[in-house]
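Welcome! Take a moment to look over the sequence and the model below, and then we can walk through them together.

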Amino acid sequence: MADDDARDPAAVVTIIFDLEHHRGAIDRRLFGSFVEHMGRCVYTGIYEPGHVSADHEGFRGDVAELIDELGISVIRYPGGNFVSGYRWEDGIGPRDLRPRRLDLAWRSIETNQVGTDEFLRWAARREVEPMLAVNLGTRGIEAAADLVEYCNVKGGTYWSDLRRGNGSEDPYGVKLWCLGNEMDGPWQTGHKSAEEYGRLAAQAGQAMKLVDPDIKLVACGSSHHRMPTFGYWESTSLEIAWDVVDYVSMHAYYEELDGDRRSFLASGFGMGEFIDDVAATIDAVAARKHSRARPKISFDEWNVWYQQDFPGTENLEIDTSGPRIEDVYSALDAVVVGDLLITLLNHADRVAVACLAQLVNVIAPIMTEPDGSAWRQSIFAPIAAVTASAHGVSLVGRVRGPELATDRYGDVPVAAAAAAYDDELRRAAVFVTNRAEHPITARIELRGDITWTTVESATVIVADHKGPLDAAAAREVARPLPGTRLDTNTVTVELPAESWAALRISAR
Ligand code: AHR
């Protein structure tokens, strides 16, 4: 079978894109991230008033610079599991009057020194779109509608005038709202059945849209593909809340389990299967409802996360920051993150929003030392490469080549590829993963009425076996890819074993 070919060192993969055949414009909101009140994501992550680089509101300038460089478009806040016990009113008004609360999700103490106003003003300074989650765990309709009023009503009402009194005269105009977080998960505070959640989401969503009809709502999908209620959860809750739902959320974390490196390298394939299943479920509900509407997907938590190393929170002593979850990433993890980005680009017609979880310190591309420096992890490189060059439309591609046998996903293509084409700049960006344990030659055909002139840049990340990388090594993880050849409409590249490459090709 194909597996033998995959071991052939002369393996050649042909990848064909046609400029006429695309999925439409790539929504920049595909390149979002996530800030949760968890561990050191907020406190000593984005926010540290005593830090030498802190701005007038106490947010770190060195972290802000790295976020800008990462090219993030949307940031989801304040959770995550945290939001399911959060009282948003605790986080507004004079800071010295804000209560210290026990955070049930992470068994930590929340000081509320950062809340809605600080986050939204910071997001505006960063020019990123905020995506707020409401608590549908311990709270419900009223608190959710009040928060929309606080954020989006101009003035003349109790909550909007309170916002103005708290220093934000103009409404924030927050458009994207999550109806709770992972409500299908038994670990979630206020966990619900699909029927209970669907009803609460419908009612809270209706009230929120009565406050501001322009907002868009994200309903909780399943916490991961292997949840026992997967599929049933989506179809049941969506059927009930259909009239108010604009997006269905997906969450997935990937890790190398039991040394199964091959399956880990095929994580992008697994993510694609998951998206296809959720899209099919949305279509089935639409069909049952005789509706032309097609809620899109908000993949609002995704990343590599070594969850097998996370002992959980049950036996955790309550302390100020709770569990750290500060995974240190390797070059292999960066290749996998690149592969996952390829999958998101290749589903840009169904996935409109996606958030890498999380942004700083907690399973994050950016790390900080309290009172010290901030640095990039290895997974920073593929994200920055994609946000910088995936402009225009997402091209539909075909990959012809051998397959690899994996334990988790069966036979998967040796290579994965995605491409974007920007007609204004007359530039294409191509991203390719070689999942095989040997080098491959990739012939990338870019068909269309166009004369390609230059391969502007070609970089590669190779999954060496060096393990977690320190700041200096992580910074060097992407290096120039030598030997790239352009012949008419075909770019030929030699991809090292287990690697991920980013190319930019321009035309006359
Ligand atoms: O991102 C960390 C946690 O993972 C989030 O709080 C939760 O939504 C998910 O299970």
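We begin with the ligand and its surroundings, then turn to a salt bridge and to some features of the backbone.

A word on the ground rules comes first. The model is predicted, so local features need pLDDT of at least 70 and side-chain atom pairs count only at pLDDT 80 or more, while totals for chains, interfaces and linings use all residues. Residues are numbered from 1 along each chain as its sequence is written, and side-chain values use heavy atoms, with hydrogens and water left out.

Let us start at the ligand. Its surroundings are formed by Phe34, Glu36, Gly80, Asn81, Trp106, Asn181, Glu182, Tyr253, Glu301, Trp305 and Gln358 (a residue belongs here if one of its heavy atoms lies within 4 Å of the ligand). This shell divides into four nonpolar, four polar and three charged residues; in this scheme Ala, Val, Leu, Ile, Met, Phe, Trp, Tyr, Cys and Pro count as nonpolar, Asp, Glu, Lys and Arg as charged, and the others, Gly among them, as polar.

A polar side-chain atom of asparagine 181 lies 3.0 Å from an oxygen atom of the ligand, and for a polar side-chain atom of glutamine 358 the distance to a ligand oxygen atom is 3.0 Å. Taken alone, the ligand exposes 280 Å², and the protein buries 94% of that (areas come from the Shrake-Rupley method with a 1.4 Å probe).

You will find glutamine 358 in the loop between strand E11 (351-357) and strand E12 (366-368); strands are DSSP runs of at least two residues and helices of at least four, numbered from the N terminus. Another cis peptide bond runs from tyrosine 77 to proline 78, with omega near 0°.

Finally, side chains of opposite charge can pair when their charged atoms come close. Glutamate 69 and arginine 376 form a salt bridge (2.9 Å, N to O), meaning a side-chain nitrogen of Lys or Arg within 4 Å of a carboxyl oxygen of Asp or Glu. This pair links distant parts of the chain, with glutamate 69 in helix H2 (residues 61-70) and arginine 376 in strand E13 (residues 374-376), 307 residues apart.

Notes. A polar contact is a pair of N or O atoms within 3.5 Å; within protein, one must be able to donate a hydrogen and the other to accept it, and residues adjacent in sequence count only if both atoms are side-chain atoms.
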